[in-house]
Amino acid sequence: MIKKADIVIIGGGIQGCSIAYNLAKKGAKNIVILEKNTCASGSSGRCGAGIRQQFGTKMNCILARESMKIFETLSEELDYDIELNQAGYLILAYTEKEINQFKKNVVLEQSLGIEAKMVTPEEAKEIVPPLNLEGIIGGTFCPTDGNVNPLYTTFGYAEAAQRLGVKYYPFTEVTEIETEDKRILSVITNKGKILTPIVVNAAGGYSGPVGKMAGVDIPVYSQRHQILITEPIDPLWKPMLMSFSENYYFQQLPDGGVLGGYGDPEHEIIGDNVGSSWQFSRTMAKKMVKLVPILKEVHMVRQWAGLYNMSPDAQPILGEHPQLKGFYMSVGFSGHGFMLAPVTGRLIAELILDGKTSIPIDKLDIGRFKRGELICEPSVV
Amino acid sequence: MRETDIAIIGGGPAGLSAAIYAASLGAKITLIDDGLELGGQLIKQTHKFFGSEAQFAGIRGIEIAKKLIQEIERCKNIELITNATVTGYYEDEVITIIQGADGNIMKKLKAQRIIVATGASENMLPFINNDLPGVYGAGAVQTLMNLYGVVPGNNVLMVGAGNIGLIVSYQLLQAGIKVEAIVEALPKIGGYLVHASKIRRLGVPIYTSHSLKEVYGTDWVEKAVISKVNKNFEFIPETEKELEVDTICLAVGLSPLSDLLWQAGCQMKYIVELGGYVALRDDHMKSSLDNIYIAGDVAGIEEASSAMLEGKIAGLNAAVSLGYRVDNFLELNINLRKELKELRANPLSEKVKIGLEKALIKREVD
Ligand SMILES: Cc1cc2nc3c(=O)[nH]c(=O)nc-3n(C[C@H](O)[C@H](O)[C@H](O)COP(=O)(O)OP(=O)(O)OC[C@H]3O[C@@H](n4cnc5c(N)ncnc54)[C@H](O)[C@@H]3O)c2cc1C
Ligand SMILES: Cc1cc2nc3c(=O)[nH]c(=O)nc-3n(C[C@H](O)[C@H](O)[C@H](O)COP(=O)(O)OP(=O)(O)OC[C@H]3O[C@@H](n4cnc5c(N)ncnc54)[C@H](O)[C@@H]3O)c2cc1C
C-alpha cells in the first residue's frame with residue numbers, strides 16, 4: 001500500500017467517491033480512498049437513491065437543484081449509465097398544517113427555478129392513478145425529481161475517480177488518526193500507515209467513531225433505517241410517493257419492483273445494527289397497501305437496512321474542523337446524503353483546494369451547534 | 001403470537017427425525033415444511049437406498065418417508081404446518097411463515113430452539129440460453145416423474161455423472177424416455193460404477209471431460225451443443241457436438257440452503273467439501289448460536305442416512321437443552337455419533353469427513 005498521500009478520504013461510499021472524483025477533476029494528485037469493506041457496501045448501496053428538490057429552506061433547495069443539474073448529465077460525465085429516472089416526487093399532505101407548509105415551500109421552490117407545484121387530491125390521482133385518496137387533502141409535485149441506481153452511481157464515481165489517478169483501497173480499515181499540534185499527521189490502517197496532511201471523514205454511519213480517532217467530537221449518531229422491494233410487476237405508476245406526516249416513501253422502479261421504506265426514529269435501533277425486523281415489513285406493507293390498494297396482490301421479495309447518520313438538526317455537517325487543521329467532514333446527512341453527493345462532493349473539493357466554495361455552505365459547519373444556529377428544515381422524513 | 005419449544009424448519013429426513021426424537025422427550029414441536037407432502041427429497045426417491053443397513057439401506061426412499069411420517073402422526077406433541085415457507089428469522093428470535101404458494105398472511109412463531117433442516121438447492125450452470133423452457137434441475141425432473149407422473153420431454157441430455165445424474169438418467173430410461181447422452185466435465189465418472197455400467201449397457205454414451213456449451217430453440221430447447229473441456233474446464237475449440245434434445249437435465253451438485261442461518265447471524269464458512277456455505281456446529285449439531293441447531297443437507301451435502309442421524313442428534317440435544325430429560329442421555333449421544341462415524345467409514349465419505357472437520361466447533365468439555 002501507498003505510504004504517503006496528499007489527501008486521504010475515509011469511506012468509499014457516494015460521498016467519498018464524489019469528493020475524490022471532484023478533487024481529481026480539479027487537478028489534485030495523490031488522492032487515496034480507504035474503504036473498510038467494498039465500494040457502496042455502506043448506506044450508499046442500501047439506500048432508495050431518491051433525488052428531490054422540494055425542501056423548505058433556501059439553502060437546501062439550491063443544493064438539491066444544483067445536485068439534480070449534475071445528475072442530469074452524470075451518465076455522460078462519468079461514462080457510466082446511472083439509470084437516472086426523472087419521474088417526479090408526489091409529496092402528499094394529510095393536514096392543513098402540512099398544506100400551509102407546502103404552499104410556502106412551493107413559493108420558495110418556484111422562486112429558485114424548481115418546477116414544483118401544488119396539486120389537489122384529484123390531480124394527484126391523475127398523476128398516480130392507482131392512488132387511494134383516503135385522508136389525502138392535497139400535495140405537491142415536482143416532475144423533475146427522480147431517482148438513480150445507487151450502486152451504479154457510486155461505482156461510476158469510483159471508476160471515474162480512478163481513471164483520474166485516485167487510488168481506491170477496499171478492505172482497508174482506518175483504525176487510528178495521528179495528529180500533532182492540531183494538524184493531521186497520518187492515518188493508520190489494518191494494512192499499514194499513510195502519511196498525509198489532509199483527511200476527509202466520509203465514513204457515513206461510522207463518522208462519529210472516525211471523528212473520535214482524530215480526537216474530535218462530532219455530534220452525530222447512527223440509526224437503522226429499513227427498506228423493502230417487491231417482485232417486479234407491470235407498470236402502475238412512476239413518481240415517488242412520499243409523506244412526512246404519514247411517514248413513508250415508495251416508488252415503482254423502471255424495472256417493475258416497488259421500493260420503499262419509512263422512518264421510525266422512536267423505535268429503530270441506534271448504533272450500527274443493519275439487521276431486519278418483521279415489524280418493519282408488516283407495517284410498510286400496510287402503508288403501501290393503504291395508499292395503493294392493488295399492491296395487496298404483490299409479494300415482497302427482499303428487505304434490508306442501512307444507517308442514517310443523524311445530526312442534531314438533521315442537516316449535514318460539512319467543512320474543516322476549526323480545531324484540527326486538515327480534518328474535513330462530509331457527514332451527518334440524516335437520510336438525504338445520496339441526492340446531495342454530486343454537489344457536496346464538488347463543494348468539499350473546492351473548499352479543500354481553493355479554500356472557498358461556489359455555493360455557500362458555511363452555515364453547515366460544525367460550529368453551528370455551539371453557536372445555537374441550527375438549521376430548521378421542515379421537510380425531512 | 002404463537003409459541004413453541006422447538007421449531008423445526010424442513011420436513012425431509014433430517015427434520016422428521018429431529019421432530020420424532022425431540023417429541024419423544026416431551027418437547028412441544030412445530031414442524032414447518034413448504035411441500036404439499038412431508039418427506040423432502042425422499043418422496044420422489046423410488047430407488048432402493050444405498051447406505052448403511054441400520055439406516056434403511058435397500059429400502060426405497062419413498063418407503064422411508066412413509067415410515068417417518070407415520071411415526072410423526074402418532075406424536076401428539078408435534079404440530080405440523082405444511083405448504084408453508086419460513087421466510088425469515090428475525091432479531092427478536094421470531095420466525096415468519098407464509099402459508100400457500102400465493103399466501104398473503106405472514107404468521108409469526110416464537111420458538112425457544114430452532115432446528116434448521118432446510119436441505120439443499122440444485123446448482124445452476126451458466127450457458128447460453130439456460131433460461132429456455134426445457135432446462136431442468138435433475139431433482140425437478142425426479143419430482144415431475146416420480147411424484148406427479150409427468151415426463152419432462154422426449155430426448156434428454158443429462159449434465160453431470162455423479163450419483164444423482166446416473167440415478168435420474170436410469171429413471172428416465174425406465175419411463176421410456178430417450179437419454180441422448182450424459183456429459184461430465186471431470187475426467188472420470190463421479191457416481192457408483194454399478195450405476196454407470198447399467199446405463200452404458202442401455203446404450204447411453206457417457207462423455208467425460210465434456211460440458212454443455214449452449215442450447216438452441218425458439219420457444220423451448222431444440223438442440224444442445226456439447227464440447228470437450230480441458231483440465232481447467234475451458235472449452236476446447238472445434239470439439240463441439242450437436243445433440244437433438246428437447247430437455248436438459250442439470251445434475252451438477254447441490255448447495256446447502258443456508259439463507260436462514262445467514263440471517264440469524266450464525267458463524268458461516270465456505271467449505272467446498274460440504275457443497276458451499278455452511279454453519280459451523282459442535283458435535284451436538286448446535287450452531288454458533290445457542291438456540292439454533294442444524295441437520296441434514298443444510299449442514300453439508302451428504303445422504304438421507306446421515307441426515308436422519310444428524311436430525312436425531314439435533315432433536316435430542318435441543319430438547320435436553322430445554323430441560324427435557326432422558327435417562328441415558330450421554331449414552332444416546334455417544335451411540336448416535338458412533339453410528340454416524342460408522343456410516344462415514346467408507347472411502348466415498350473421505351471428502352465429507354475433511355469438510356466436517358473444518359466445520360466443527362470443538363467444545364472444551366464433553
Ligand atoms: C434505507 C435507506 C434509504 C435511503 N434513502 C435515501 C434516498 O432516497 N435519498 C437520499 O439522498 N439518501 C437516502 N438515504 C441516505 C443515504 O444512503 C446516505 O445519506 C448516503 O448514502 C451517505 O453516503 P456516505 O458515503 O456518507 O455513507 P456510506 O455509503 O455509508 O459510506 C461510508 C463508508 O465508510 C466506510 N467506513 C466506515 N468506517 C471506516 C473506517 N474506519 N475505515 C475505512 N472505511 C470506513 C464504510 O464501510 C462505508 O462504505 C437512505 C439511507 C438508507 C439507509
Ligand atoms: C436423485 C437423488 C438420489 C439420492 N439417493 C440417495 C440414496 O440412495 N441414499 C441416501 O442416503 N441419500 C440419497 N440422496 C440424498 C438425500 O435425498 C438427501 O441427502 C436428504 O434428502 C437430505 O435430507 P434433508 O432432510 O437434509 O433435506 P431435504 O430432504 O431436502 O428436506 C428439506 C425440506 O425442507 C423444506 N424447506 C426448505 N426450506 C424451507 C423453508 N424456508 N420453509 C419451509 N420448508 C423448507 C424443503 O422443501 C424440503 O421439504 C439422494 C438425493 C437425490 C437428489
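A: Let's start with what counts as being around a ligand: a residue is near a molecule if its C-beta atom, placed from the backbone, lies within 6 Å of it. Please keep in mind that this is a predicted model.

With that in hand, we can turn to ligand 2. There are 38 residues around ligand 2, and those that come nearest are B:Gly10, B:Gly12, B:Gly40, B:Gly119 and B:Gly296. Sorted by class, the shell around ligand 2 holds 17 nonpolar residues, 16 polar ones and five charged ones.

Where do these residues come from? In chain B, at least two residues of the shell around ligand 2 are supplied by each of α1 (13-24), β4 (84-89), α3 (138-148), α4 (163-174) and α7 (304-321). In terms of domains, domain 1 (2-121 + 254-359) and domain 2 (124-250) of chain B each give at least three residues to this shell.

α1(B) packs with helix α2 (residues 61-74) of chain B at an angle of about 30°, and their axes are 10 Å apart. Angles under 35 degrees count as roughly parallel, so α1(B) is roughly parallel to α2(B). The crossing of these two helices, α1(B) and α2(B), is left-handed.

Ligand 1 is surrounded by 40 residues, with A:Gly13, A:Gly42, A:Gly204, A:Gly306 and A:Gly337 the closest. In chain A, α1 (14-25), β13 (221-230), β17 and α9 (337-354) are the elements that give two or more residues to the shell around ligand 1. By class, this shell around ligand 1 has 20 polar, 16 nonpolar and four charged residues. Ligand 1 lies between domain 1 (7-46 + 151-220 + 313-371) and domain 3 (221-310) of chain A, because both give residues to its shell.

Two of the elements around ligand 1, β13 and β17, lead us to a sheet. The sheet is open and has eight strands of chain A in the order β5-β6-β4-β14-β15-β16-β13-β17, with mixed pairing. Its edge strands are β5 (117-119) and β17 (300-310) of chain A, each pairing on one side only. From one strand to the next, the twist averages 20°. Within this sheet, strands β14 (residues 240-243) and β15 (residues 248-252) of chain A pair in the antiparallel sense over three bridges. There, A:Met242 stands opposite A:Tyr249 in β15(A).

Definitions and conventions
Residues are numbered from 1 along each chain as its sequence is written. Chains are lettered from A and ligands numbered from 1 in the order in which they are written. This is a predicted model: local features need pLDDT of at least 70, side-chain atom pairs count only at pLDDT 80 or more; totals for chains, interfaces and linings use all residues. Two strands pair if DSSP finds at least two bridges between them. Helices (H or I, at least four residues) and strands (E, at least two) are DSSP runs, numbered from the N terminus. Axes are lines fitted to C-alpha atoms, for helices over the stretch in contact, and angles run from 0 to 180 degrees between N-to-C directions. Ala, Val, Leu, Ile, Met, Phe, Trp, Tyr, Cys and Pro count as nonpolar, Asp, Glu, Lys and Arg as charged, and the others, Gly among them, as polar. Domain bounds come from an automatic or database domain assignment. Angles under 35 degrees count as roughly parallel, over 145 as roughly antiparallel, 65 to 115 as roughly perpendicular and the rest as oblique. A crossing is left-handed if the near helix is turned anticlockwise from the far one by less than a right angle, and right-handed if clockwise.
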